[in-house]
Amino acid sequence: MFSLSRFEQAVTRRARALRGLRGAGIAFATTAALLLAAALVGRLARFPVRLDARIAALLFAVLAAVAGYLVGRARRPSLPRLLLSIDLALGTGERLSSLHELRTRDAALPLQRRIEDRLSAAPPAWRRVVHARPMDALPWVGGVVGLFAAVILVASAASPLPAAAVSGTHGTSPGSESEASLRLDVAEAGREGVPAGRLDPGEGEAAEPLVDTLAEILRGPPSRGLAGEFDLEDSSPPQERRRDAKSALQELLAELFRRGELMPNLPLNLTEADKAALRDLLAEMTDPTLRQSLTSLMNTEGGEALEKELAETQRLLDALEESARGEGSGDAQATPSEDDQEEEEDAESIGWIPPAPAEEQNTGSGEGAEEGLEENPEGTGMEDESALPPNEEGGTTPGAEARSRGRLPPAGAGFLQEELLGTLGSGGDVRRFFTKGVPFEPPAEDSSSVPVLSLDYETLRALLEARALSPEVQGLIRTYFEKITQGGS
Amino acid sequence: MITDRDLDAAHALLGRLREAIDEVIVGQKPVVDATLIALLCRGNLLLEGVPGLGKTLLVRALASALGLHFSRIQFTPDLMPADILGTNILTEDGGRRQFTYSPGPIFANVVLADEVNRATPKTQSALLEAMEEQTVTVGKTTYPLEAPFIVLATQNPIEMEGTYPLPEAQVDRFLFKVLIGYPSLEELVEITERNTEGGGLVLPAPVATAPEVLAAQAVVREIPIAEPLRQYVARLVFATHPTSEHAPKDVKAFVEYGASPRAAIAVILGAKAHALLAGEPNVRKADLEAVFRPALVHRVIRNFKGEAEGVSVAALLDQVWKETPVL
């Protein structure tokens, strides 16, 4: 005998489960769409997405699906409609829905019996019609695709890309994306002529992983991996490149002056090529004053103002050269060879300090240290124990080490987690910003209460060279540190 | 409360009636079904067709098979309401004069209103009360009509000159309007054979009684219809209204007035009777489909544009049926 109650229970159970699945699918798809939109907006707005946030988002999608299932299941289907839909699908002559209608009436028992007899004779195969439809899978497929797209979007925002091809974003997670973000930041800053030291503490905190990554590059085993990604057409030594940069700037200024003289009736203007050349030179320069002057030069509209800026830049360049020549002649006796002296002279003229021999680093004399302090009175105020070789007692002597400039770090020095005290540019306390492996100039013993940190470029350069990184990557890292330290030593 | 016996009796009655009518009427099964449905639903039927198709014969055959009191009213332009309803006449009884009511031909179980559109609207309206309430009011007195009561009206769609289209109020009181078409070739051959040989056409003998008909009418109302189907019927009727959001495009364009609530009642009741006629214990979608058009075709009024462009109401109803989802 056909039992409508049992039939209704079974059908309702199945229908509610299906509703739950549909609700879960819709909730999942909606959440995935929202996450995709968030990923898009985050990418466009350079909004940092941390790894834990991504995991939370995925968990949220799963939770939404579960909630959707529960909500969908909680909604009881309309039994008459459900039964009629089964009737229509199976062609049962609307007996199920009519029987449901008759159940509430006692006056039609004979009719009820006749309907039940007919249903017993041909039981409806309701499972054929109350099942998940292909359309039900659509939200799930859409949701998975949406989530996948969101993950790809976030991941691609963090993947290494050529700096020239990317508009730039702040990296937000550890790993390769930090490296890309680092490059992008530097490239962006270089293009826009952002003054050095513009990163504020908030940005610094967000960029913490970048510094970590950089430190990893500095500390890890030598590899040609990164170098292989870049064109190695510029394989000249750094000293030569710096000399080239200086002479290139001289030539460019001379060319601009010559252009002004040739066309006295026309206002002097910078072409795009001029600006590009200046931009490249700006990336090579380390002297803050000169960099500032070059930035102003690039941003000047033209005409008389441009001529004034050109004259000012030329004056600065001449003054730097003059200063470098004077110091070079005074230090000639202290330098071991002419080549070394020339290197130091050229490098200092644009803000770079040539490296000293390794022996000198480890056994640096007091005289050398005092010279270093005199040359760079602001480059003090830090306790960089890990970046310095240990003394006889196993510790470090910051004051003494501060006198040894351009030293190479000992092999396997470790660059453990460092907590640096001091200020950096206008950024304020940078204790949390720099973490590990960043080669800072050690502070002097007699430094002020709030020491000012500066970057030990020679150490950095030596480290980068030891890593066999391509010139582009080296330049990128160097520029990055220039940005955040307002030049350094 | 109905019993199995009532059900079986209703099925048996309908079988006998159909058989009796088939002895006289060749073919025209939908028309015969519609007539029986109207009888089961306590409704009235409007038969429309050109002369000679057997409209009057069908009604006479039904009345004969039912064994009920039958009367025929031939509607003409000079027919007066009193000719239908009856009138008070002055009588003399023992030297005392008084008005006595003399019932008209409406007082019958089966009334054939032949060529109903030939009478004036005033006379046509005389049928309104009888058709809807099965009562007749003359003067200040209301007389009940004997159950079962059914009016079967015929009208001729041609020869429209000198005719008076039925007023909407009266048309709405017909459960169905059935269009009688020409018989097929085989049916025509059989018709000629039945009418030209032997003793000619013989009306069927009575196969039913009034109580049996009334019992069958009671059974019809117990036939169940699922609630979603009831809602479906309501949506169908709504869809015939040009102002309804569910109305198809053509309905909005060519319909002046949609079907009345009586139409929904007619569809559901007719579907129940159709299910019983088909031997089913419940209403199916197929039953609704079978009665949808005859129940609404005379209740949807086209606008001027629809009439001018010759849009048929039947086509509009087909569109409504196709475009209205069951669920």
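## About the model

This is a predicted model, in which local features need pLDDT of at least 70, side-chain atom pairs count only at pLDDT 80 or more, and totals for chains, interfaces and linings use all residues. Residues are numbered from 1 along each chain as its sequence is written, while chains are lettered from A and ligands numbered from 1 in the order in which they are written.

## The sheet of chain B

Let's begin with the strands (DSSP runs of E, at least two residues, numbered from the N terminus). Five of them make an open, parallel sheet in chain B, ordered β2-β5-β8-β1-β9; two strands pair if DSSP finds at least two bridges between them. Because β2 (70-74) and β9 (176-179) of chain B stand at the edges with a single partner strand each, one side of each has no neighbour in the sheet. On average, neighbouring strands are turned by 20 degrees against each other, direction ignored.

β1 (residues 45-48) and β9 of chain B pair in the parallel sense over four bridges. Here L46(B) stands opposite K177(B) in β9(B).

## Helices across the sheet

Helices are DSSP runs of H or I with at least four residues. Helix α2 (residues 29-40) of chain B lies across β1, β8 (150-155) and β9 of chain B, at about 165 degrees to β9(B). Angles run from 0 to 180 degrees between N-to-C directions, with axes fitted to C-alpha atoms, for helices over the stretch in contact. Helix α3 (residues 55-66) of chain B lies across β1, β2, β5 (110-114) and β8 of chain B, at about 170 degrees to β5(B).

## Where the chains meet

The contact takes 21 residues from chain B and 19 residues from chain A, where contact means C-beta atoms, placed from the backbone, within 7 Å. On the chain B side, α1 (4-24) and α10 (227-238) each supply at least two residues, and α10(B) gives the most, with three residues.

Key:
Contact = placed C-beta atoms within 7 Å.
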